[in-house]
Amino acid sequence: SENALVIAAHLIRPSAIAYCSAIHYWHMTEHLPNAVYVQSTSRKHQRAKEILGISYRFVTVVASKFFGLSERSVGRQTLTVTDREKTLVDAADRPDLCRGIALLGHALRTTWSDLDHGKLEEYLYRWPTGSPLKRIGYMVESMNLPLVDREERLDRWRSSLSSGIVDLDPGRPAEGQITTRWGLRLNVGETGIT
């Protein structure tokens, strides 16, 4: 509920509602998260806490991953949540905190027409590691999501990829076909992302 999100905002500073909780907040899924996920740069906190029967999970990130925040009003209270584009980049970085790569695929398809694609691209380039660009680029291409200057943009994304191979879904066994085009091991089937 929104009350749980407001409580989360007071448990640690700086903080933002993120991951699966932000996906639900932005209506990218109807699935209720099993906890309220809170992102913070602070290292002085517990990893989990339960208050009034609600589980809170705190995820520490480096400062370079703490951006793309949106202030939202809930009644007279204010909370901070990652914006839509940052929520998707976080999900691509940590699918394990978002019910796996399938939920990212669903979230991309659900919200694609409402996204600021320029901002999403900016966030992907700004990210300190290359795995979100690999995962989102592959999914945008394979799900045939519409994009202005699609082929040019996808080519630009591929030319910016970091070296090495990462798993499409790091929570699953490291087996499956490798696509060097995106630097990914496709360890889920096509139906696993759509």
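A charge sits over a ring if NZ of Lys or CZ of Arg is within 6 Å of the ring centre and within 35 degrees of the ring normal. Keep that in mind for F67. One caution before we go on: this is a predicted model.

So, F67. K86 lies over the face of that ring, at 5.3 Å from its centre. R126 lies over the face of F67 as well, at 3.8 Å from the ring centre.

Now the aromatic pairs. There are three in the structure. Take Y25 and W26. Their pair is edge-to-face, with 5.1 Å centre to centre and 85 degrees between the planes. Y25 counts as buried because its relative accessibility is 15%. W26 counts as buried too, at 8%.

Back to F67. Its ring pairs with that of Y123. The centres are 5.0 Å apart and the planes stand at 75 degrees, so this pair is edge-to-face. It links distant parts of the chain, 56 residues apart. F67 is in the loop between strand 4 (54-60) and strand 5 (69-74), and Y123 is in helix 5. Both residues are buried. With W127, F67 and Y123 form one aromatic cluster.

On to helix packing. Helix 5, residues 117-126, packs against helix 6, residues 131-142, at an angle of about 145 degrees. The axes are 8 Å apart. The crossing is left-handed. Which residues make the contact? From helix 5, L120, L124 and Y125; from helix 6, P132, L133 and I136. By class, that is six nonpolar residues, no polar and no charged.

Last, S131, in helix 6. With 13% relative accessibility, S131 counts as buried. Leaving aside neighbours within four places in sequence, S131 is in contact with D93 and V166.

Definitions and conventions
Residues numbered from 1 in each chain as written. Predicted model: local features only at pLDDT ≥ 70, side-chain atom pairs only at ≥ 80, totals over all residues. Heavy atoms only, no water. Axes fitted to C-alpha atoms, helices over the stretch in contact; angles between N-to-C directions. Helix = DSSP H or I, 4+ residues; strand = E, 2+ residues; numbered from the N terminus. Left-handed = near helix turned anticlockwise from the far one by under 90°. Contact = heavy atoms within 4.5 Å. Nonpolar A, V, L, I, M, F, W, Y, C, P; charged D, E, K, R; others polar. Buried < 20%, exposed > 50% of the residue type's maximum accessible area, 1.4 Å probe, protein only. Phe/Tyr/Trp six-rings, centres within 6.5 Å; stacked < 30°, edge-to-face > 60°.
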